[in-house]
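Dear colleague,

Please find below the structure that I am passing on to you.

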Amino acid sequence: WAVKAGYALATLTILASLTTVPRAYALPKQDFTGARDFVESQAGPGDKIVVVGLAVHVYSKYYAPEWAVANNAQELASLRQNRARVFLVYTLPIELKAAHPDLWRSVQDEFETVKVFPGTLGGGEVYVSRDRQVQAGIAR
């Protein structure tokens with residue numbers, strides 16, 4: 001009886017774990033290409049696309065090397081000058097907040113989230129934001 005119960009328990013455990021498989025593979029770990037394609041479809045002539053934080057490495061080396069990079073709030077402010085719109089792409093906001101608090105304040109104060117691209121990495125959503133001043137029609 002004990003052996004049959006062991007087999008039954010093992011079978012139930014395997015079946016239960018199979019229910020997690022679709023969720024694990026439904027999304028990419030981080031949807032960098034989805035965010036890239038969305039931003040490039042939304043950006044027009046004269047718009048600037050800027051990447052910050054940990055997303056810099058991924059986009060500057062692989063997915064969008066032509067995008068501008070801001071390593072701090074001053075660089076971001078400089079890139080925002082004389083632009084029709086600025087799109088900002090970042091990931092892992094907890095890291096951005098901890099490692100670059102000045103840049104995080106600029107992101108929070110000056111940009112609004114347009115779209116979030118979820119993934120299976122906890123907290124690793126890719127955020128696409130747009131300049132608030134341009135959205136409100138305020139000239140810089």
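**Findings in the predicted model**

The model is a predicted one. A nonpolar surface patch of about 650 Å² is formed by Leu12, Ile14, Leu15, Leu18, Val21 and Tyr25. Helix H1 (2-18) and helix H2 (21-25) are the elements that give two or more residues to this patch, and H1 gives the most, with four residues. Tyr25 is placed in helix H2; because its relative accessibility is 70%, Tyr25 counts as exposed.

Elsewhere, the axes of helix H5 (residues 73-80) and helix H7 (residues 101-110) come within 8 Å and cross at roughly 40°, which means that H5 is oblique to H7. On the H5 side, Ala73, Gln74, Leu76 and Arg80 meet Asp102, Leu103, Ser106 and Glu110 of H7.

The count of salt bridges is four. One of them joins the side chains of Glu110 and Arg80 (2.5 Å, N to O). Glu110 lies in helix H7 and Arg80 in helix H5, so this pair ties together parts that are 30 residues apart in sequence. Arg80 is buried, with a relative accessible area of 7%, whereas Glu110 is partly exposed, at 26%. A network of salt bridges links Arg80, Glu110 and Asp131.

A salt bridge also joins the side chains of Asp47 and Arg85 (2.9 Å, N to O). Asp47 is in the loop between helix H3 (32-42) and strand S1 (48-51), and Arg85 is in the loop between H5 and strand S3 (86-91), 38 residues apart. Asp47 is buried, with a relative accessible area of 15%, while Arg85 is partly exposed, at 21%.

With kind regards

Technical notes:
Residues numbered from 1 in each chain as written. Predicted model: local features only at pLDDT ≥ 70, side-chain atom pairs only at ≥ 80, totals over all residues. Heavy atoms only, no water. Patch = residues over 30% accessible without salt bridge, like charges linked within 9 Å, V, L, I, M, F, W, Y side chains within 5 Å. Areas by Shrake-Rupley, 256 points an atom, 1.4 Å probe, with all protein chains shown as cover. Buried < 20%, exposed > 50% of the residue type's maximum accessible area, 1.4 Å probe, protein only. Axes fitted to C-alpha atoms, helices over the stretch in contact; angles between N-to-C directions. Parallel < 35°, antiparallel > 145°, perpendicular 65-115°, else oblique. Contact = heavy atoms within 4.5 Å.
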